[in-house]
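We'll hop from one stop to the next, and at each one I'll tell you what to pick.

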Amino acid sequence: MTEITVEGLTASLGRKLVLKDVGFSAKSGEVIGVLGPNGAGKSTLLKSILKLARSTGSVRVDNRSIHDYSAQEFARAIAYLPQDRDVAWPMSVASVVELGRLPYRTAMSLPTEQDAEAVQRAMEAVDVVGLEGRRISELSGGERARVLMARALAQSAPVLFADEPTSGLDPA
């Protein structure tokens, strides 16, 4: 069972204090929502936990500091769906989703059958099967959001942090 523990998390953006002494814990199977107005620090909280923003305090995964994880270990422990839905290259949908499997491979290894199965399950979960060969740059905003969600799910990490995951999704 995976547990995340955050204690005394404090972060600033420039000179503006955004988070002060934030703490919580969450265990496998729990769903936590962070609500607040724009600019309240929700994204900064996620980025601080994920080592993407400077902060002070303690963040532990299974009683181990996040700073003690290698990048590959950390990516196996936590998946992240960012608020930003941009993809820099016109990659195929299948290639984008397959990026979620990189933490399980070496630099030059090819995808395994297990990788292909994880990608297929993730694509089915968000209903993007049939889009595999299309370029992500050709998709609608809602389709692109679902593909990026599939990438995070394909990562098969026990923890998923999602920043505004339903933003821009097609209502259907």
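In which helix is Ser48 found? Select residues 42–49: that is helix H1, and Ser48 is in it. Helices here are DSSP runs of H or I with at least four residues, strands are runs of E with at least two, and both are numbered from the N terminus.

A quick word before moving on. You're looking at a predicted model, where local features need pLDDT of at least 70 and side-chain atom pairs count only at pLDDT 80 or more, while totals for chains, interfaces and linings use all residues. Residues are numbered from 1 along each chain as its sequence is written, and side-chain values use heavy atoms, with hydrogens and water left out.

Is Ser48 buried or exposed? Its relative accessibility is 3%, so Ser48 counts as buried (buried is under 20% relative accessible area, exposed over 50%, partly exposed in between, with a 1.4 Å probe and protein chains only). Now show its contacts, meaning heavy atoms within 4.5 Å. Leaving aside residues up to four places away in sequence, Ser48 touches Leu9, Ala11, Leu19, Ala53, Arg54, Ser55 and Ile66.

Seven of its eight residues are buried, so H1 is largely enclosed by the rest of the structure. Those buried ones are Lys42, Ser43, Thr44, Leu45, Leu46, Ser48 and Ile49. Their cover includes S1, S2, strand S3 (56–61), H2, S5 and S6.

Colour S1 (3–13) and S2 (16–27). They belong to an open sheet of four strands, in the order S2-S1-S3-S4, with antiparallel pairing. S2 and strand S4 (64–65) are the edge strands with a single partner each, so one side of each has no neighbour in the sheet. Strands pair if DSSP finds at least two bridges between them; S1 and S2 have eight, in the antiparallel sense. To see one, pick Thr5 and its bridge partner in S2, Ser25.

**Stop three: the pockets**

Which residues lie nearest the centre of the largest pocket? Select Val31, Ile32, Leu160, Phe161 and Ala162, out of 27 lining residues. The space in this pocket is about 670 Å³. (On a 1 Å grid over the protein atoms alone, a pocket is an open set of points where a 1.4 Å probe fits, with protein on both sides within 12 Å along at least five of seven lines; lining residues have an atom within 4 Å of a point. Points are joined across faces, edges and corners, and the volume is the space filled by probe spheres set on them.) H1 shows up again here, giving the largest share of the lining, five residues.

Next, the second largest pocket, at about 230 Å³. Its lining includes Leu50, Phe74, Tyr80 and Arg151. Helix H2 (71–77), strand S5 (78–81) and helix H5 (141–154) each give two or more residues to that lining.

Tyr69 is buried at 12% relative accessible area, and Phe74 is buried at 8%.
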